Amino acid sequence: MKALPLIIFALAALAQWAAPLSQIWTHEQTLTHGTLIKLKCSAPDPYDPLRGRYLAVRPDQREASVPEGVKLEQGMHIYATLTTGADGLATITSLSVKPPTSGNFVRVKTGYTYDEKASIEWPFDRFYINEKLAPEADEWFAENIRSAKGIIAEVRVLNGRAVLADLSLDGKPFREILKQRVR
Amino acid sequence: MNSHHRWLLEQLPQWERDGLLTADAVRVLQERHATDDSQPGVAQVIMGSLGALLIGAGLIAVIGYNWDDFSRPVRLLFAFLPLLATQIASFRVLQHGDAAVAWVRETTALLQALATGACIAIVSQIYNLGGEWPDFLFWWMLLSLPLVWVMRSHAVAVFYLAGIAVWSVSQVDPLERWYASALMYPILALGLAPFWPGWPPRWQLSRSLQWALTLSTGVGLCAAAGSSAYLWTGARYGHGDAWAWLWIFTMTVLFLLPVRPPDLNDTRRHDPQVSLNGCLLLIAGFGISFKDGSREVLNGLGSALELPWTWGCLALVIIFGIPAIRQKRWGLIVVAALALTPMLALALGAAGTRVLPWLMSLHLLLIGVLLIGLDFTGRRGSPRLGATLICALIIARMFESELSLLVKGLVFIVVGIAFLAFNILMSRLHRQKQLLQP
């Protein structure tokens, strides 16, 4: 048996493990050590043929003011500083090209810019759900998305990385509400 | 071709017993038509690939269900177990080396590639990762590529070629940086190079892989041409009229690409890149030969000539065209020149709009005549294709003309009779040639 094909195979097999493992590591770090940020959001219910059913999560805030003297281009990666208000919900209070030295911030992508404002693309946009719960989730969303309380995305934030941990309504986790409804 | 050889080899012992062939003749034929059984048969590859695809698709569907009731570590185990199992299976196949059964090698390699994709998909599902599907596809293809080299897998090579072509098309976006645009396609395609070790590479490709390579490079390079236009102009919609020309020049390069040196003893007619790109060039030539839209065609050509992609293609056309001229491959050259003729019309300025349809019609007529003439002079031509071209050209010009319906009808009848007569003549000549052969 030749050695070179085996070495290449071993490296390929390692890379096939390393790619998902590195994702797991960074996201576990964020989930474990990240700060919990709550964002009010809206979401319809699409489907991903590879990864199944998900709720497309869109935080209500989709644009922010561009600081004076900063020129942003569409598609740029920038940092959005998040500040939690008295209601417990976070909003973007500033944008910067370099990572801020303090506070909670998320790396986001810029969309179009106009009148000193820039639209932003959040680093999370989907929350996967069980196929069985999906129809119930549809109804739940339709009923609650326009309520005053709104649906809250619970996001863990660490060093600019954000992981969508859960969705909630009135402090109750989304999956728990759905399971109660299914019963 | 292998199946024909195999059939012949199976018949030889019987023919020897029947006294039709001597033992020496049998030995010579066996040596001359030896089959290479190390390459998997098409049916084997298809069956193996289908099985692997079904299992892979099933795996992805099971993942799609989203097993909410299990904890995160258990769900992660679901992601990695199939990957580990397929890696072990591939390792076992590798241990067998050349003795490994071809279809088993193909199936395990494809299964491992699919399990890799499924693993990344389930991890991104568990952590609710956003991101676009082209990013996922890009990493999936990169992680699958080494399997083509080490497992010598045709199925994964086809899968990879399809994947990078789809990825390239998705990256034709004015907002993409060059390293994330379709311009990366040539580099990704070069990733397959170790599949043909040594220098110069031994381009002994199976027919299916040849077609996959032709389709993938055609789509991928046309996407790269689009990205190059966006990046060069920096405009969101700029030079949109030049795109068709970028594609035509790209097809011309692929058409002339000297992948396999012409072998006079080779009985094969054409390689897929010649057949496909030749047909597309002829269709484009016909399109340009119509009077309507000549102005837009020349405007597009003018815009295309401002782009570096066009000049790169033209340089390659010259580089690849010179050996074709030296080898007197006139059929190839005259079809490739379809992309260059409109430049003459462009050089004429305002009059070019009127001249272009006539120039293209003349060029197409020349192709038709040449394809017929080459065959009559004992060279490699394509008389039936030549006759079809001339017929189509006459029909196209008749449709465009303002002649009466009666005249058009009579012309169609005459052309139809001439076409049928030519077909009968060619059949007779072909039969005579066969009878004259020793």
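Reader: Before we start, what counts as a helix here?
Author: Helices are DSSP runs of H or I with at least four residues, and strands are runs of E with at least two, numbered from the N terminus. This is a predicted model, where local features need pLDDT of at least 70, side-chain atom pairs count only at pLDDT 80 or more, and totals for chains, interfaces and linings use all residues. Residues are numbered from 1 along each chain as its sequence is written, chains are lettered from A and ligands numbered from 1 in the order in which they are written, and side-chain values use heavy atoms, with hydrogens and water left out.

Reader: Where is B:Leu77, then?
Author: B:Leu77 sits in helix α4 of chain B, residues 72-96.

Reader: How many residues of chain B are in contact with chain A?
Author: 38 residues of chain B are in contact (heavy atoms within 4.5 Å) with 40 residues of chain A.

Reader: And how much area do the two chains bury?
Author: About 3,600 Å² between them, 61% of it on carbon and sulfur atoms. Buried area is the accessible area, taken with a 1.4 Å probe, that two parts lose on being put together, summed over both.

Reader: How many salt bridges does the rule find across that interface?
Author: One, where a salt bridge is a side-chain nitrogen of Lys or Arg within 4 Å of a carboxyl oxygen of Asp or Glu. The side chains of B:Arg72 and A:Glu28 form it, at 3.0 Å, N to O. A:Glu28 belongs to helix α1 of chain A (residues 3-33), and B:Arg72 to helix α4 of chain B.

Reader: How many salt bridges over all chains?
Author: A search of the whole structure gives four.

Reader: Back to the interface. Which elements of chain B give two or more residues to the side that touches chain A?
Author: In chain B, those are α3 (42-64), α4, α5 (102-126) and α6 (133-151). The largest share, 10 residues, comes from α4(B).
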